[in-house]
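Hi,

Here is the structure we talked about. Please open it first, then read my notes below.

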Amino acid sequence: MMDDIIKSLHFYYIIAKSILHTGRRMHLVGDKFLFNVPGFKLLLQVFKVTPGSVEEISQLLCAGKLVAVAPGGVREALFSNSNYELIWGRRCGFAKSAIAAQVPIIPLFTQNLREAFRTVEYGQGYLRDLYERTRLPLVPIYGGFPVKLRTFVGDPILYDPNITPEDLAKKTQHAIEDLIKKHQRIPGNIFWALLDRLSPKLS
């Protein structure tokens, strides 16, 4: 659970930027298990976090709200690695919502995010199997490294009435992969990510 929360912290900086520069609050889509954690419900409401059904997200978008979605969710936060592999599976609910609301999708990528916190790689096969069976994010994490984090915004993917949700999801994934190729050192390296804070030119 903490891994999902920690690796979503960059979203809160994006939210702050949105409020400061546009005056608009951003809604976040969070994993459903968070809403069952005692004491978390009020906190999630304050930060405008929603479990995010397709219909609910569509309603927010139709009302002109900004909605941030991480299609990889907890699974990607826990089991992706320094190669920044996207683990979306067949998820395309966000694409269905965007099509229903006839709004664009804006791809985002935060550089060095996986160097700020890491998950323990030992026993990940067992932990992945446990997660798939129970949906409990019981993976140890370490880090809190003061690496340089920079969020890059891609070109909007405009509404297309002829595209399917599956194709729109793939198009979005490719757009984010392009941002990763352009802005991220692969494999990610904690030492170089720390140097980025001193001088990006060193890397």
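Is cysteine 62 buried or exposed? Cysteine 62 is exposed, with a relative accessible area of 56%. Keep in mind that this is a predicted model.

**Cysteines**

There are zero disulfides in the structure. Cysteine 62 is in none. Its nearest cysteine sulfur belongs to cysteine 92, 18 Å away. Cysteine 92 is likewise in no disulfide. Cysteine 92 counts as buried, at 9% relative accessibility.

**Nonpolar cores**

The largest nonpolar core has 22 residues. Phe94, Ala95, Ile105, Leu168 and Ile180 have the most contacts inside it. Helix 4 (54-62), helix 6 (93-101) and helix 9 each supply at least two residues of this core. Helix 9 gives the most, with six residues. Take leucine 168: leaving aside neighbours within four places in sequence, it contacts Ala95, Ala98, Ile99, Ile105, Ile157 and Ile163.

**Glutamine 184**

Glutamine 184 sits in the loop between helix 9 (165-183) and helix 10 (190-198). The residue has 7% relative accessibility, so it counts as buried. Its side chain reaches the backbone nitrogen of asparagine 112 at 2.7 Å. Not counting residues up to four places away in sequence, glutamine 184 touches Tyr84, Phe109, Gln111, Asn112, Glu115 and Leu179.

Best wishes

Notes: Residues are numbered from 1 along each chain as its sequence is written. This is a predicted model: local features need pLDDT of at least 70, side-chain atom pairs count only at pLDDT 80 or more; totals for chains, interfaces and linings use all residues. Side-chain values use heavy atoms; hydrogens and water are left out. Helices (H or I, at least four residues) and strands (E, at least two) are DSSP runs, numbered from the N terminus. Buried means under 20% relative accessible area, exposed over 50%, partly exposed in between (1.4 Å probe, protein chains only). A polar contact is a pair of N or O atoms within 3.5 Å; within protein, one must be able to donate a hydrogen and the other to accept it, and residues adjacent in sequence count only if both atoms are side-chain atoms. Contact means heavy atoms within 4.5 Å. A nonpolar core is a set of buried Ala, Val, Leu, Ile, Met, Phe, Trp, Tyr and Cys residues joined through side-chain atoms within 4.5 Å. A disulfide is a pair of cysteine sulfur atoms within 2.5 Å.
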